[in-house]
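Biologist: Can we go through this one together? I'd like to start with the backbone and then move on to side chains and the interface.

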Amino acid sequence: MPAEDPPTADPAAAAAEAARLAAFDALIADDKRIEPTDWMPPAYRKALVRQMSQHAHSEIIGMQPEGNWITRAPSLKRKAILMAKVQDEAGHGLYLYSAAETLGTTRDEMLDALHSGKAKYSSIFNYLAPSWADMGSIGWLVDGAAIANQVPLCRASYGPYGRAMVRICKEESFHQRQGFEILLALMNGTDEQRAMAQESVNRWYAPALMMFGPPDAESPNSRQSMAWKIKRFSNDELRQRFVDMIVPQAEILGITLPDPDLRWNSERGHHDFGELDWAEFQDVLHGNGQANSLRLAKRRAAHAEGEWVREAARAYAERTATSERMAS
Amino acid sequence: MTAEPRRETWPLWEVFVRSSRGLSHVHAGSLHAPDAELAVRNARDLYTRRSEGVSIWVVPAAAITASDPDAKDAWFESPRGKDFRHATYYTASQAVPHL
């Protein structure tokens, strides 16, 4: 466990504390990375544990909507692709848990926080994915928004987080393309298939835009996170960037983005878009989404059903180690 | 911080991957596994899904001894002020070919 010194009245200790904070601030100002053994302010450590574990939980819960579609995907190729994608998501969760562990939080503590409902994960996974076209929308819009969010995190000031993100971003780009191609295949299909694709995008567009988090004015944590160079761009900046990216992509698909206020603003050099339903965002965040209880129940069950495997593997490892000791 | 740190279900292993012949093993990340055999298998699934490696090492994280992070300035001080260990220190011979 990394030491966190209690506040003290001792002037020598206070001076040492100030010196350590100054050294930390200088590293951040100099755009250098903070590494696990460096001293860091307790609030920085706490913010990182929260963000990184939430991010890991999102990857793990994010396996569910697509995992549900593996058996129903329309071809062997699509099934193989979905399996690879779900396996990547498991991998991304594990990279991020490992990175978070370097801050002194154990894997078991993080899993307990997820299973007890204490820890959050991305609200987007609390929407249901009832149609095959949703696999397309999730890849194109949900993974697309995630990538827009994640690319700047490759330069996060905490070294292990940035390194995990580099690996994740490299692997993630196929996720968005495969989603786009699912929608493209549907848009090149029958009228029914086109309608299925459009209906799906209608449902996912706004929730995907909300993945960047609340507007900047209502996101006080994000200012501190930017000062620490964990985040590099604000929620609204990233959301704008994402909208500007998907508008021409939607044109290629021949799909309509369900926003009557969406139009090019030549003065700003960006697309204007409509107000999002932040009441819905808060509602889903606070447990009232379509799938909050479903996702958590499934995650808890998977963990409980794996208990005997973990226990058997540990017992086997202990017994093997003991018999090796006795033989030598 | 809890008074008594809980025992992890499985211990932590550090993973090193050799990406191709002729290169050294490089730290790729870490994972939890009950024993060395499963650590190698899990490392294959976790760190070489896109043929990133031809060889994997796993090391129990607890077996690694590191230099003292708080003493790094003193510890790594000696090369400082010894620029003469680098070829670039020798400027008089800069224009001489093949040197």
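Biologist: Where does A:Asp31 lie?

Modeller: This is a predicted model. In it, A:Asp31 sits in the loop between helix H1 (11-29) and helix H2 (42-61) of chain A. Its phi is near 60 degrees, a positive value in a residue other than glycine.

Biologist: What is the relative accessible area of A:Asp31?

Modeller: A:Asp31 has a relative accessible area of 37%, so it counts as partly exposed.

Biologist: And what about phi of A:Lys229?

Modeller: Phi of A:Lys229 is near 60 degrees, again a positive value in a residue other than glycine. A:Lys229 belongs to the loop between H9 and H10 of chain A. Its relative accessibility is 21%, so A:Lys229 is partly exposed. The cut-off for buried is under 20%.

Biologist: Now A:Thr105. Buried or exposed?

Modeller: Buried, because its relative accessible area is 15%. A:Thr105 is in the loop between H4 and helix H5 (107-115) of chain A.

Biologist: Which residues is A:Thr105 in contact with, leaving aside neighbours within four places in sequence?

Modeller: With those neighbours left aside, A:Thr105 is in contact with A:Val49, A:Ala100 and A:Met110.

Biologist: Switching to rings. How many aromatic pairs over all chains?

Modeller: There are 11 aromatic pairs over all chains. One is formed by A:Phe212 and A:Phe242, with 5.5 Å centre to centre and 50 degrees between the planes, a tilted arrangement.

Biologist: Which parts of chain A does the pair of A:Phe212 and A:Phe242 tie together?

Modeller: A:Phe212 is in the loop between helix H8 (191-210) and helix H9 (220-227) of chain A, and A:Phe242 is in helix H10 (residues 235-253), so the pair ties together parts that are 30 residues apart in sequence.

Biologist: Which residues form an aromatic cluster?

Modeller: A:Phe24, A:Trp39, A:Tyr44 and A:Trp228 form one aromatic cluster.

Biologist: OK, charges. How many salt bridges over all chains?

Modeller: The count over all chains comes to 21 salt bridges. One of them joins the side chains of A:Asp143 and A:Lys85, at 2.7 Å from N to O. A:Asp143 is in helix H6 (residues 133-150) of chain A and A:Lys85 in helix H4 (residues 76-101), so this pair ties together parts that are 58 residues apart in sequence.

Biologist: A:Asp143 and A:Lys85, buried or exposed?

Modeller: A:Asp143 is buried, and A:Lys85 is too.

Biologist: What about A:Arg268 and A:Asp272?

Modeller: Their side chains meet in a salt bridge, at 2.8 Å from N to O. A:Arg268 is partly exposed, with a relative accessible area of 40%. A:Asp272 is also partly exposed, at 26% relative accessibility.

Biologist: Which residues do salt bridges that share partners join into one network?

Modeller: The network joins A:Glu66, A:Lys85, A:Glu89 and A:Asp143.

Biologist: Last topic, the interface. How many residues does the contact take from each chain?

Modeller: The contact takes 27 residues from chain A and 23 residues from chain B. The two chains bury about 2,200 Å² between them, 47% of it on carbon and sulfur atoms.

Biologist: How many salt bridges and polar contacts between the chains?

Modeller: Across the interface of chain B and chain A there are 4 salt bridges. The count of residue pairs in polar contact is 8, with both residues at pLDDT 80 or more. On the side of chain B that touches chain A, the elements that give two or more residues are strand E2 (26-32) and helix H1 (36-47) of chain B.

Biologist: Which residue does A:Glu171 form a salt bridge with?

Modeller: With B:Arg49, the closest N and O atoms being 2.7 Å apart. The pair crosses between chains, from helix H7 (residues 159-187) of chain A, where A:Glu171 lies, to the loop between H1 and strand E3 (55-60) of chain B, which holds B:Arg49. Both A:Glu171 and B:Arg49 are buried.

Terms used
Residues are numbered from 1 along each chain as its sequence is written. Chains are lettered from A and ligands numbered from 1 in the order in which they are written. This is a predicted model: local features need pLDDT of at least 70, side-chain atom pairs count only at pLDDT 80 or more; totals for chains, interfaces and linings use all residues. Side-chain values use heavy atoms; hydrogens and water are left out. Rings of Phe, Tyr and Trp (its six-membered ring) pair if their centres lie within 6.5 Å; planes under 30 degrees apart count as stacked, over 60 as edge-to-face and the rest as tilted. Helices (H or I, at least four residues) and strands (E, at least two) are DSSP runs, numbered from the N terminus. Contact means heavy atoms within 4.5 Å. Buried area is the accessible area (1.4 Å probe) that two parts lose on being put together, summed over both. A polar contact is a pair of N or O atoms within 3.5 Å; within protein, one must be able to donate a hydrogen and the other to accept it, and residues adjacent in sequence count only if both atoms are side-chain atoms. Buried means under 20% relative accessible area, exposed over 50%, partly exposed in between (1.4 Å probe, protein chains only).
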